[in-house]
Amino acid sequence: MNLLWLQSGGCGGCTLSWLGSEHGSLFRELAAEGIELLWHPSLSESGVDEARDLIARCADGRTRVDVLCIEGSLLRGPLGSGGFHRFGGGAQPMIDWVRQIAARARHVVAIGSCSAWGGITAAGVNPTDACGLQYDGEAAGGLLGPGFRDAAGLPVINVAGCPPHPDWITETLAMLAHGRLGAAQLDDLGRPRFYADQLVHHGCPRNEYYEFKASASRHSEQGCLMEQLGCKGTQAHADCNQRLWNGEGSCLRGGYACIRCTEPGFEEPGHAFETTPKVAGIPLGLPADMPKAWFIALAALSKSATPQRVRENAHSDHLLRAPTVKRTKR
Amino acid sequence: MSTRRVVGPFNRVEGDLEITLDIDDGRVAAAYVNSPLYRGFEQILQGKLPADALVLVPRICGICSVAQSAAAALALADAAGATPPPNGRLAANLTLAVENLADHLTHFYLFFMPDFAREEYKSRRWYHGAAQRFRATAGSAPNEVLPARARFMQMMGLLAGKWPHTLAVQPGGSTRPLQSSELFRLQRSLREFRGFLERVTFGARLEDVAAIASRQQLDAWRAQAGGGDLRTFLDIAADLDLWQVGRGSDRFMSYGCYQEQDRRLFPAGLWHGGALPLDIAGISEDTSHAWYAAAGLPQHPAAGSTLPVAAKEGAYSWCKAPRLAGQVVETGALARQVVAGHALARDMVAGSGASVAARVVARLLELALVLPAMEHWLGELAPGQPWCITSQLADETAGVGLVEAARGSLGHWLTVRRGRIHNYQIIAPTTWNFSPRDGAGTPGALEQALAGLPADAAAPLPAIIHHVVRSFDPCMVCTVH
């Protein structure tokens, strides 16, 4: 299976995240899965004329493309011209290349939330009219339109995340290479379910603080970040606290909120990213699938049941009280 | 009569790059560097809550992500008058150092060295070995480096949750308190990385590399028996005369970085044949050759504006032209070490000025200089002491954040009005190095470095042009942002 990777309105961080893959050499892993890089802007030897020639061949069908990976938002501005990113070395805007190659590729994969939904580049006044391949924020559409299907009948596969975990990318590509990724393996937003059917909350090391609503109120405290510091881990689809980052990391383990970067529209939460919006003291944005009344009732109950140990540790940057050692023999 | 040739897309430059060459008699008569991607972060940031900059600005760049976070945190701290506790300062140093060292490694092995595997060099005595070792994706080096790099980046998991794009770097310090057992894990990662560098990159102790004090000593070191990829590069550089190509303006700037108790590990300054004071009030951005509405005279970034226009007479890049007191400056590891006074760095530019080889050597030299400092900072961390303070930002305020990313000086200028970001201007390292011409027609650093190199209107682009371009370790996504 060959793979063409192009970048447009993004930061290149998806590629950098991917290079942090922790299973030996990423290049050898790809080769072992039968994945051949036709061209990648950060990794390939060839550039300039050779690269332009290759990409032109991909666009007109002389070179077969099994998987087209796009990293970065698609920039439609100014005024629909695509002029905010003309692909280096020619007059043609990147969005034209992407449209042409996507129409011929066997599969189209959005790498990261920019190419999935528009992402950070679409934040604020969205100066470049940035969108995703098949979504414009939460609305189906984007550059290729809601009806886009690849040669195998799949929509754009959205490996969303800002950035995506290296393994989300590699495993998606490996599943494609082995013919194991069909419509049933994608969620309602086109994300691979192997990571998107989880919540960031699953496996969060702060879960005891969450259970008792023992909340951190300032950075570096150990308590739950949901009530005060903007954490959306109970709503965000991803397995970040089960499949860790850079060894033993995750946003929560790093001491800061999940900003639901795998979800469309995460870049405009409508409130300060690191502050939880509330109405009458109740956080807006309840945990996934949780009825509001129950959440309120359980929160009130658990707050009143919080052990002193958990309450004190929540407001400290290190453990003040260890769990009691229970002796079973006298 | 010169012929014009547009070349692009340059790859392995972290983003997209196009260069227009005017070729005359087999040489580059003039080069015009175009950063073809505009995203508009400075427009996106306007009207946002100041603290939200910590989410937005790291996403300017996937390779300088922590440097962007650090500059934003410093600008916010400056605006709030906040000073992080010692643990916060040390954690910020360590986090930035992990990124900067990993970037130096990535640049050398994944972005720069693969060009020596080009067919053009087939007849060189070193070709076979270099191609086998450094060929992109397939060579033995990239496949050996990626796992070592990933192991080293595990420090980011502990220090910052993940990389790229962390929120751990805050104006008041770090969100991530470390416990004693975690410090051992970090020391272990550093020890492993030191081992890798000493075995694979240098074939020598870091301290011995850091002690090389002149070109002459470097040549003597190269002549000694032993391995190491630096030595291979030095052999190639000598054969291809990479010490003589790629000279820019030879005016070197560094904002300084890695705050220690009462000094910075690498101090700020300016160097032009000798040390000069660095006055950042003298920075201005010229938009005469960039696709922005001109706002009269070049502006200091604190008063700068970013208003893109679709077409403009004479414009050829989305990159503005920053100048220091009206002058073109070069920034990066070489500039940083020249300013900091490292004897080898100063000697490398004393004769024929900056060069492809000097820039590459300076980057590797920093690996040898910074890692021992990291070992020291780790030893100073004090679990149980505070990591982060909270600070209050006034509704009307301003701040500046200046740091050194791997590839050079990065500055953020923030103005807050009525509690919202009124203006946020960013000048990234490659904005300096790859700037277009200014109002006086003076070319940017890379544009100067390319002039006079061999080129042909139709034949494949000579590898030497690739070497010069990549010797700056460009980050094109930062350049325009």
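These are legends for a set of close-up views of a predicted model.

**View 1. Chain B as a whole.**
Start with the overall build of chain B, which has 17 helices and 15 strands. Its radius of gyration is 22 Å, close to the 23 Å that the globule rule gives for 481 residues, so chain B is as compact as a globular protein of that length.

**View 2. Inside chain B.**
Here we look at burial and contacts. Of the 481 residues in chain B, 61% are buried. Take the contacts in chain B with a separation of 6 or more: 72% of them are between residues 24 or more positions apart.

**View 3. Where chain A meets chain B.**
On one side of this meeting place are 65 residues of chain A, and they are in contact with 75 residues of chain B. Helix H1 (13–19), helix H2 (26–32) and helix H3 (48–60) of chain A each bring at least two residues to the side that touches chain B. H1(A) gives the largest share of that side, with 6 residues. Sorted by kind, the residues on the chain A side come to 27 nonpolar, 28 polar and 10 charged.

**View 4. A cis peptide bond in chain A.**
Look at the step from A:Gly77 to A:Pro78: this peptide bond is cis, with omega near -10°. To find A:Pro78, go to the loop between strand E4 (74–75) and helix H4 (94–104) of chain A.

**View 5. A cis peptide bond in chain B.**
Chain B has a Gly-to-Pro bond to show as well: the one from B:Gly8 to B:Pro9 is cis, with omega near -5°. The loop that holds B:Pro9 runs between strand E1 (3–7) and strand E2 (18–24) of chain B.

**View 6. B:Asp241, a positive phi in a loop.**
B:Asp241 is not a glycine, yet its phi is positive, at about 60°. You'll find B:Asp241 in the loop between helix H10 (229–240) and strand E6 (252–254) of chain B. With 12 other C-beta atoms within 10 Å, B:Asp241 counts as exposed, because the cut-off for exposed is 12 or fewer.

**View 7. B:Tyr258, a positive phi in a strand.**
B:Tyr258 is another residue other than glycine with a positive phi, this time near 65°. B:Tyr258 sits in strand E7 (residues 257–259) of chain B. Around B:Tyr258 there are 23 other C-beta atoms within 10 Å, so this residue is buried; the cut-off for buried is 20 or more.

Notes:
Residues numbered from 1 in each chain as written. Chains lettered and ligands numbered in written order. Predicted model: local features only at pLDDT ≥ 70, side-chain atom pairs only at ≥ 80, totals over all residues. Helix = DSSP H or I, 4+ residues; strand = E, 2+ residues; numbered from the N terminus. Rg over C-alpha atoms; globule rule 2.2 N^0.38 Å. Contact = placed C-beta atoms within 7 Å. Nonpolar A, V, L, I, M, F, W, Y, C, P; charged D, E, K, R; others polar.
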